[in-house]
Amino acid sequence: MTRVGFACAAGAAALGLALVAGAAPAASRSGIDYAGADVRAIQADDAQNPGMLWVDRGRALWNDGPRACAGCHGDAASSMKGVAVRHPAWSAAARRVVDLEDRINACRVERQRRPAFARESEDLNALTAFVATQSRGMPIAVDVTGPAQPAFERARDFYATRRGQMNLACASCHVENAGKRLLAETISEGHGNGYPAYRLEWQAVGSLQRRLRACLYGIRASLPPEGADVLTELELYLAWRASGLPVEAPGVRR
Amino acid sequence: MAFARIQLPPSVKRGDAVEVRVSIRHPMETGFRVDDDGRTIARNTLKSLTCRYGDREVLRASLGSGIAANPYLRFHITAVASGDLVFEWIDDAGERGDARAALVVAG
């Protein structure tokens, strides 16, 4: 079982916030810009970044087995370059929005004929981190038009809707109060461009969905199961909000 | 599957001080935490970590519960000759691991 941890700190319920539904922030700042100098230094140096342990493991998985990823896709440095910037994306085969983890698992089941990785398993996070790292520095650019549009609109509403015992929407903190303090933390704009990221609180690499569940836990809302459409679609909306920010995977966060 | 990372300079000269950096995937469980059901999580830290360079042991460390998960160590050795740096470790649960990296010494 994955502990989601208490991340979206309590105490903001009394703030009484107005909402700007779905409006992308005027100036996008990556979460790493809100981090302290020590965390920034760990992310900047691959030798220290513990997330690189997962990337190394992902590289080994990439080349592992008789029908390895590398058998079709070859060198990930070229074939997987830019893949992370356009996910989540609409999948015509699955008839839903899929994130990078879903995409990897679909390939694993349909092409490699192996059992899917469990969501949030170390192997899936490792392979996702490895694939995402190939897009490092590239600006996020997801497609929210066409078949993905209804999902995008649902997620935009989710983002702006108050929920949980704290009665907070995502936007209450990450739009209305980004940059302000919540106890010891500075509230970030809540972009997902560092994920899969090594969170010091988790002492492991985790997916963006794990982070989203941690935030929902923090506002005492009901938790959708890992891999639920509502979370995947929220990932799509977050990626749209983060348009233009560079992929940082594996990021390092508090 | 090895879950450790050793980083060395790509090439060094004989007599140089070489910075060795190693990080190891390990939960470094302190034994003081409890799980969601209130049961104590058993202590599991890296009991011993050694590094051999050629036929010499160049590092021996006992990492206890004061070291965070996924320990990262940095130390210096003197480059003598080309050869493997071999790390071996054992944790409180008795699980062993090892990793190696080749040091290339020119001249």
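**View 1. The loop of chain A that holds P196(A).** P196(A) is placed in the loop that runs between β4 (185–186) and β5 (197–199) of chain A, where helices (H or I, at least four residues) and strands (E, at least two) are DSSP runs numbered from the N terminus. The peptide bond leading from Y195(A) to P196(A) is cis, with omega near 0°. Most residues other than glycine have a negative phi, and most peptide bonds are trans. This is a predicted model, in which local features need pLDDT of at least 70 and side-chain atom pairs count only at pLDDT 80 or more, while totals for chains, interfaces and linings use all residues. Residues are numbered from 1 along each chain as its sequence is written, chains are lettered from A and ligands numbered from 1 in the order in which they are written, and side-chain values use heavy atoms, with hydrogens and water left out.

View 2. From A249(A) to P250(A) the peptide bond is cis, with omega near -10°. P250(A) belongs to the loop between α10 (229–241) and β7 (251–253) of chain A.

View 3. R220(A), although not a glycine, has a positive phi of about 55°, and its place is the loop between α9 (208–218) and α10 of chain A. With a relative accessibility of 46%, R220(A) is partly exposed, a class that lies between buried (under 20% relative accessible area) and exposed (over 50%), using a 1.4 Å probe and protein chains only. M28(B), also not a glycine, has a positive phi of about 50° and is found in the loop between β3 and β4 (46–53) of chain B. M28(B) is buried, its relative accessible area being 4%.

View 4. P9(B) sits in the loop between β1 and β2 (12–13) of chain B and is partly exposed, with a relative accessible area of 28%. Apart from neighbours within four places in sequence, P9(B) is in contact (heavy atoms within 4.5 Å) with V18(B) and E19(B). P9(B) and E19(B) are 10 residues apart along the chain, and their C-alpha atoms are separated by 7.3 Å.

**View 5. Where chain B touches chain A.** Here 16 residues of chain B are in contact with 17 residues of chain A. Three salt bridges are counted between chain B and chain A, each being a side-chain nitrogen of Lys or Arg within 4 Å of a carboxyl oxygen of Asp or Glu. R5(B) forms a salt bridge with D56(A), in which the closest N and O atoms are 2.8 Å apart.
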